Amino acid sequence: MFKLILQNLRQRPARALVSVVAVALGVVLLLVSLGLSYGQLMDTAQRTKGIGGDFILQPSDASLFFALNSGNLPVKVKRVIEEVEGVGAVTPILAKFLGDKFHLIFGIDPESFSGVNQDLSFVAGKRFSGPREVIIDTIYANSKQLSVGDPIQLLGHQFTVAGVFRQGTGARVLLPLNTLQELNGTPEKATMFFIRAKEGRSLEQVYDALQGRFENYRITKAADLQAMIMDSTPVFKQFVSAMVFISVTISFLIILLAMYSTITERTREIGILKALGASRTYIIQLILNESLLICVAGVVLGFGLTYVAIQAIFAVFPSIPVTITLFWRVASAVVALAGGLLGALYPAIKASQMDPVRALGYE
Amino acid sequence: MNRDRITRKRAVVSVEDLQMIYRVGKVEVPALRGVDFTIQAGEFVAVMGPSGCGKSTLLHLIGGLLKPTAGRILIDGVDISSVSDVKRTEIRRLKMGFVFQSYNLLSTLTAKENIELAQQIQGSGRYEEGSAREILQLLGLEEKMGHTPSELSGGEQQRVAIARAVISRPAILLADEPTGSLDSENSRMVLDMLQGLNEMYGQTIIIITHDSEAASTADRTIEMRDGKIRNRDQPVLYAMEEKHS
């Protein structure tokens, strides 16, 4: 059977190739779109986590997507938080989304920030010491070709790069809290507070204490951040469902079309097989196996093309995070194979039900 | 002739009041109008008659490719007209071998692969003489076993088709105009092969033909006209004389 399938594909190389490429494109579409969106979410979660601390305190209606929030929390709340039993360190952060550059910047208070964050490491330069200095992460520095001492334009003002830190902490650009408050028109305001519990304290107890003191605020555990971002992302699940649906549909329609035209062309061959005693199951297996082979080749090609596409994205947009997990690789393969097999099912059943005498007489 | 041998054997094909009506839209076209005959195991029978008399329909019915409108077809005692499609396919796979006028080899496979595919479908190991390679050697096609049908002559293709039909030693070999597309030399070769299979292995053969020379290879002829049997037990010589008179 395998020889017959292989010879049939070799006999019609153009159609086989187009089918394989179409299935591959479905895989690429799924992996790249999910890789980009999932990568962005993972990156956001990891960089937020990278700020340090055990909890984030925000207004009750705030989003974990800081770009969506305004800076309306009074910085003086910091003192109240510090009084809560078990709280070791608190730092206010003002987040500002730069629409023209399409990224976030954080205003931080260097003194309290270092009480919460202990991982910030510089590959060049040092922390900012003046109001018109910023520090940037390695990805931003590489993508913008910036180094220490270079000027950088933000919010209509010129800043100087004071240092380059290893990526993974908060935003790609950090500047003094006071400066950002001033430029944002929100003096003494912050978007959120990052809170670190005292060494050795039970996080649950500190969390309960914070909840008790700040009933009308949103308090997020850093450990839950990733899952919460995934769950609370607007339309992420719908986006994933849409991508899966499109990918399945591509495989389904292409294989349906390819297999339907195959069985039409091979009507006589199916008649011969029936005359030889081939059962309906044999004919169905023959068509399904052929489509399976096309889909497997499509999946393999899709993985290769996805790699090429991601390298191309990195070459053009080095700061864009792309995360393709093993789960999504397996899922994209399953989606392509399932779509292909479903598409082949109708032609396979139709072929198995052909009248052998009519099929033998088909020209 | 192996007539004495035949008379001691069992009936392998029994056709009783067989009727077949094709429906073309609302029009009914009768192809067979009550056909009866019996063929013994090891018999070589030629079915003759003019075009449209129902010969091919009869062959397809015996081979289980069609289901009759009425009547019974007993293959080794099993009525294939009343069994399910699955069972009929199984009987076809286990007991029938087909040879067609247009050879019907799979164009993408080589001669050897065509035979191997039939073995695979029919379940290998039922041909005592061995593999596809051996049967092609027996047929003098050893050099051509790696050739696809388009690289073979008509005669060679038909020899491969016969090898494919008998590789699993079916109870009945059904041949529909097997020499219809061949020149006289290749026709003779194919008929000799069929005769050899019948005489050496006792292969039951039913051949549909227009060709009186092809029919002369058989033990007896069944002559059909207008969907009925005109003469069911006619010795070949008599049939030929009558045809030419």
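This is a predicted model: local features need pLDDT of at least 70, side-chain atom pairs count only at pLDDT 80 or more; totals for chains, interfaces and linings use all residues.

Q: How are two packed helices described, and at what angle do α11(A) and α12(A) pack?

A: In general, two packed helices are described by the angle between their axes and by the distance between those axes. Here, helix α11 of chain A, residues 280–316, packs against helix α12 of chain A, residues 326–352, at an angle of about 155 degrees, and their axes are 8 Å apart. Angles over 145 degrees count as roughly antiparallel, and α11(A) and α12(A) are therefore roughly antiparallel to each other. The crossing in which α11(A) passes α12(A) is right-handed.

Q: Which residues of α11(A) and α12(A) meet?

A: On the side of α11(A) the residues include I283(A), I287(A), L288(A), C295(A) and G302(A), while those of α12(A) include A333(A), L337(A), G340(A), A344(A) and P347(A). By class, this contact between α11(A) and α12(A) has 17 nonpolar, 6 polar and 1 charged residues.

Q: How are α9(A) and α11(A) oriented to each other?

A: Helix α9 of chain A, residues 236–265, packs with α11(A) at an angle of about 135 degrees, with the axes 11 Å apart; the two helices are therefore oblique to each other. Their crossing is right-handed. The contact is made by S251(A), I255(A), M259(A) and I263(A) of α9(A), together with I287(A), S291(A), I294(A) and C295(A) of α11(A). Sorted by class, the contact of α9(A) with α11(A) has 6 nonpolar, 2 polar and no charged residues.

Q: How many residues of chain B are in contact with chain A, and which element of chain B gives the most?

A: There are 18 residues of chain B in contact with 18 residues of chain A. On the side of chain B that touches chain A, the elements giving two or more residues are α3 (85–95) and α4 (111–122) of chain B, and α4(B) gives the most, with 6 residues. The residues of that side divide into 9 nonpolar, 6 polar and 3 charged.

Q: Which residues touch the most other members of the largest nonpolar core?

A: In soluble globular proteins, nonpolar side chains tend to be buried together. In this model the largest nonpolar core has 109 residues, of which V23(A), V47(B), L174(B), I206(B) and I207(B) touch the most other members. Helix α2 of chain A, residues 13–50, gives the most to this core, with 11 residues. A second, separate core of 45 residues includes F55(A), V134(A), I136(A) and A190(A).

Definitions and conventions. Residues are numbered from 1 along each chain as its sequence is written. Chains are lettered from A and ligands numbered from 1 in the order in which they are written. Axes are lines fitted to C-alpha atoms, for helices over the stretch in contact, and angles run from 0 to 180 degrees between N-to-C directions. Helices (H or I, at least four residues) and strands (E, at least two) are DSSP runs, numbered from the N terminus. Angles under 35 degrees count as roughly parallel, over 145 as roughly antiparallel, 65 to 115 as roughly perpendicular and the rest as oblique. A crossing is left-handed if the near helix is turned anticlockwise from the far one by less than a right angle, and right-handed if clockwise. Two residues are in contact if their C-beta atoms, placed from the backbone, lie within 7 Å. Ala, Val, Leu, Ile, Met, Phe, Trp, Tyr, Cys and Pro count as nonpolar, Asp, Glu, Lys and Arg as charged, and the others, Gly among them, as polar. A nonpolar core is a set of buried Ala, Val, Leu, Ile, Met, Phe, Trp, Tyr and Cys residues joined through C-beta atoms within 7 Å. A residue is buried if 20 or more other C-beta atoms lie within 10 Å of its own, exposed if 12 or fewer, and partly exposed in between; C-beta atoms are placed from the backbone.
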